[in-house]
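Here are my notes on the model you asked me to look over. Have it open beside you as you read.

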Amino acid sequence: MDNSRLLLRSGLTLAAAAMLPAALAGPSAAASGISVSTTGSTVSVVTSACTQINGSWGSAALLTSSQASFSQGRQVALSGTTVSQSAAWTGVSPGTYTVVVVCSSGSTAGSQSVIVSASSRPTISATTKPAPSRGVAGGLGGAVRDYGALTLGIGAALVGAGAVAAGWFLRRRSKPYRL
């Protein structure tokens with residue numbers, strides 16, 4: 001197989017591999033019009049699917065596994081702007097919940113399950129030895145500076161050229177000498 005076919009096949013494979021995460025993430029993100037997150041014992045929901053009718057965006061409900069309908073859950077009114085609406089529940093105990101958002105028009109913006117885990121408290125321990133007066137003189141070197149896209153592109157081109165040159169050199173070296 002010559003090099004051009006090998007490069008074409010590997011390029012197509014890399015392109016397909018690069019598109020795979022976007023293809024997998026696309027339908028799941030579009031399937032639900034809400035985004036739910038947890039921080040400790042707080043559950044938050046954000047949506048942009050609702051429109052304001054008579055001063056109300058709609059409401060959201062937090063349902064436990066034993067609750068079956070929207071009216072049984074802990075309901076909170078949505079607040080926000082035309083770009084994004086949100087609601088939050090505090091003091092939620094650990095467990096599995098379902099968040100349902102119903103807009104003021106009566107349509108369901110989406111529902112999503114969420115797991116609230118028990119928050120762990122950090123342990124504070126006292127040290128018996130005094131802290132050293134001077135830290136280690138190590139660091140990240142030049143990695144702290146943020147280089148632009150042009151610099152990174154040139155670096156990638158140099159690395160690629162070096163890999164091609166090394167492959168060419170090794171291939172030429174493996175051929176027998178001809179006169």
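The points below go from model confidence to the sheet, the core and the disulfide.

1. Ground rules. This is a predicted model, so local features need pLDDT of at least 70 and side-chain atom pairs count only at pLDDT 80 or more, while totals for chains, interfaces and linings use all residues. Numbering runs from 1 along each chain as its sequence is written, and side-chain values use heavy atoms, with hydrogens and water left out.

2. Confidence. The chain has a mean pLDDT of 76, with 64% of its residues at 70 or more; pLDDT is the predictor's confidence in each residue, from 0 to 100.

3. Four strands make an open sheet in the order β1-β2-β6-β5, with antiparallel pairing. Strands here are DSSP runs of E, at least two residues, numbered from the N terminus, and two of them pair if DSSP finds at least two bridges between them. At the edges stand β1 (34-39) and β5 (79-80); each has a single partner strand, so one side of each is left without a neighbour in the sheet.

4. Around β6. On one flank, β2 (residues 42-47) pairs with β6 in the antiparallel sense over five bridges; V43 stands opposite W89, and S44 opposite A88. On the other, two bridges join β5 to β6, again antiparallel, and S79 has S86 as its bridge partner. A hairpin of four residues links β5 to β6.

5. The cut-offs are under 20% relative accessible area for buried and over 50% for exposed, with partly exposed in between (1.4 Å probe, protein chains only).

6. Q85 deserves a look. This residue sits in β6 (residues 85-89) and counts as buried because its relative accessibility is 0%. Its side chain reaches the backbone oxygen of T81 at 2.7 Å. Leaving aside neighbours within four places in sequence, the contacts of Q85 include V45, T47, C50, W57 and L78.

7. The core. The largest nonpolar core has 19 residues, and V43, V45, W89, V99 and V101 touch the most other members. Such a core is a set of buried Ala, Val, Leu, Ile, Met, Phe, Trp, Tyr and Cys residues joined through side-chain atoms within 4.5 Å. At least two residues come from each of β1, β2, β3 (58-63), β6, β7 (95-103) and β8 (108-116), and β7 gives the most, with four. Beyond four places in sequence, V101 is in contact with I34, V45, C50 and L78, among others.

8. The disulfide. There is one, by the rule of cysteine sulfur atoms within 2.5 Å. C50 and C103 form this disulfide, with their sulfur atoms 2.0 Å apart, and the link is left-handed, at -75° about the S-S bond. C50 lies in the loop between β2 and β3 and C103 in β7, so the pair ties together parts 53 residues apart in sequence. Both C50 and C103 are buried.

Terms used
Polar contact = N/O pair within 3.5 Å; in protein donor to acceptor, adjacent residues only side chain to side chain. Contact = heavy atoms within 4.5 Å.
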